[in-house]
Amino acid sequence: MSGFKSDFLRVLNERGFIHQISDPEGLDARCLKGPITAYVGYDATATSLHIGNLISATMLHWLQETGNRPIALMGGGTSMVGDPSFRDDQRKLLSVETINTNIEGIKKIFGKILRFGDGQLDGIMVNNADWLLKLNYVEFLRDVGRYFSVNRMLSFDSVKLRLDREQSLSFLEFNYMIMQGYDFVELNRRYDCILQMGGSDQWGNIINGVDLSHRMGGNQLYALTTPLLTTSSGAKMGKTANGAVWLNGDLFSPYEFWQYFRNTEDADVVRFLKIFTRLSLDEIARLGALGGSEINEAKKVLATEACAIVHGREAAEAAAETARKTFEEGAHSDDLPTIEIPRGDLEVGVGVLAAFVQAGLAASNGDARRSAQGGGLKVNDATVSDPKQTLSLADLTDDGVIKLSLGKKKHILLKPV
């Protein structure tokens, strides 16, 4: 269904967020009747969300912008079990203290994406530990567990893939989908929440909640998932050589975040502008029409707008200026990512290849050597011609750092301590 009448679904559809909806006509009709409440759940497996989570968080933003109420559900309870979806092994069990620390880190991003308060349409942040940790196990099995079919649960792709690979699925993990389904019913009871959204890998878990409400004689609930993004070249969105693209600046700096989007493939620019920025569709169409080298200007706009949402406008513009100075003037800036290195190491000398590996610009000495052979490694903007070169205190610039560059776009400062 593409001709949605409600503002919410029309905006999501136009911007490329919709993969599946359990009942498109029914949800569209319900949205037309007045404000709805919808939620996305986030397990506290790290101190920050990553770029994949930004997609679902942005759906909550558009939900609120079109006159509805968003709920950001923190998985304080479900994180104690861990989602087994599409994994070959069980997640590491986290302590309550670790989970609570992670939740505090995750909360930081939502104040920048949603409007919270006491108003009718202001966002709500809740923690499923508030009800899951208070459940009586036997009563829960009788009142809720009896509605779940093991046969059906085994048919979900997220479970089948694990079993097809002959990897064990613990009873603990098997309970995760029951807990997530119950979350949906509980949020409907407490907040009249009728829609759960998430990535397409969550479809089975979300549908469990829709079915559970029906079987328990509850309200009509709905499921909506967004596509799992891959780049045009087929790579999974949100991964770098150094790991995930985190949303918290202490794990992935604003400059790194800006640069990640600046390196977007040409074919992905329009799609990412629709998903990761708040620009109008007309402006996105204008940027998408730029051809040749001008597409790089559209990439800079994408990088700055996406960075502004996550890190604020000032940090985004500072990152853009750092990039301009670095690439156009050949200078380096204190805003570039910096890695500390023991001063004693530089006193005795550090192999240049090892330095690039330590900085995360190469996966191994062999990888760095191949880059050097192609002229892709630079120290203080000078091409590395000798892979046996060592770095010492004599290589420090007037600013007291050593600038390492891989190609034209990746730069790290080494700072002795």
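Biologist: How do helix 10 and helix 11 pack, and at what angle?

Modeller: In this predicted model, helix 10 (residues 176-191) and helix 11 (residues 203-215) have axes 8 Å apart and pack at an angle of about 55 degrees.

Biologist: Which residues meet where helix 10 and helix 11 touch?

Modeller: From helix 10 come Tyr176, Met177, Gln180, Gly181, Tyr182, Phe184 and Val185. From helix 11, they meet Asn205, Ile206, Asn208, Gly209, Val210, Leu212 and Ser213. Sorted by class, this contact has eight nonpolar, six polar and no charged residues.

Biologist: Let's turn to another pair. Why is helix 1 called oblique to helix 3?

Modeller: The axes of helix 1 (residues 7-14) and helix 3 cross at roughly 140 degrees and come within 9 Å. Roughly antiparallel needs an angle over 145, and roughly perpendicular ends at 115, so helix 1 is oblique to helix 3. The crossing of helix 1 with helix 3 is right-handed.

Biologist: What classes of residue make the contact of helix 1 with helix 3?

Modeller: Helix 1 brings Phe8, Val11 and Leu12, while helix 3 brings Met59, Trp62 and Leu63. By class that is six nonpolar, no polar and no charged residues.

Biologist: Staying with helix 3, how do you know whether His61 is buried or exposed?

Modeller: His61, found in helix 3 (residues 51-65), has a relative accessible area of 7%. Buried means under 20%, so His61 is buried. Leaving aside neighbours within four places in sequence, His61 is in contact with Ile113, Leu114 and Arg278.

Biologist: Where is Leu114, then, and is it buried or exposed?

Modeller: Leu114 sits in the loop between helix 4 (96-113) and strand 4 (124-127). Its relative accessibility is 6%, and with a cut-off of 20% for buried, Leu114 counts as buried. Not counting residues up to four places away in sequence, Leu114 touches Leu60, His61, Gln64 and Pro70. As for Leu187, it is 73 residues from Leu114 in sequence and 19 Å from it in space, C-alpha to C-alpha.

Biologist: Are Cys31 and Cys307 buried or exposed?

Modeller: Cys31 has 11% relative accessibility and counts as buried. Cys307, with a relative accessible area of 0%, is buried too. Both values can be set against the limit of 20%.

Biologist: Finally, what makes Asp192 count as partly exposed?

Modeller: Asp192 has 44% relative accessibility. Asp192 is found in the loop between helix 10 and strand 5 (193-199).

Biologist: And what is phi of Asp192?

Modeller: Phi of Asp192 is near 55 degrees, a positive value in a residue other than glycine. Most residues other than glycine have a negative phi.

Conventions. Residues are numbered from 1 along each chain as its sequence is written. This is a predicted model: local features need pLDDT of at least 70, side-chain atom pairs count only at pLDDT 80 or more; totals for chains, interfaces and linings use all residues. Side-chain values use heavy atoms; hydrogens and water are left out. Buried means under 20% relative accessible area, exposed over 50%, partly exposed in between (1.4 Å probe, protein chains only). Axes are lines fitted to C-alpha atoms, for helices over the stretch in contact, and angles run from 0 to 180 degrees between N-to-C directions. Helices (H or I, at least four residues) and strands (E, at least two) are DSSP runs, numbered from the N terminus. Contact means heavy atoms within 4.5 Å. Ala, Val, Leu, Ile, Met, Phe, Trp, Tyr, Cys and Pro count as nonpolar, Asp, Glu, Lys and Arg as charged, and the others, Gly among them, as polar. Angles under 35 degrees count as roughly parallel, over 145 as roughly antiparallel, 65 to 115 as roughly perpendicular and the rest as oblique. A crossing is left-handed if the near helix is turned anticlockwise from the far one by less than a right angle, and right-handed if clockwise.
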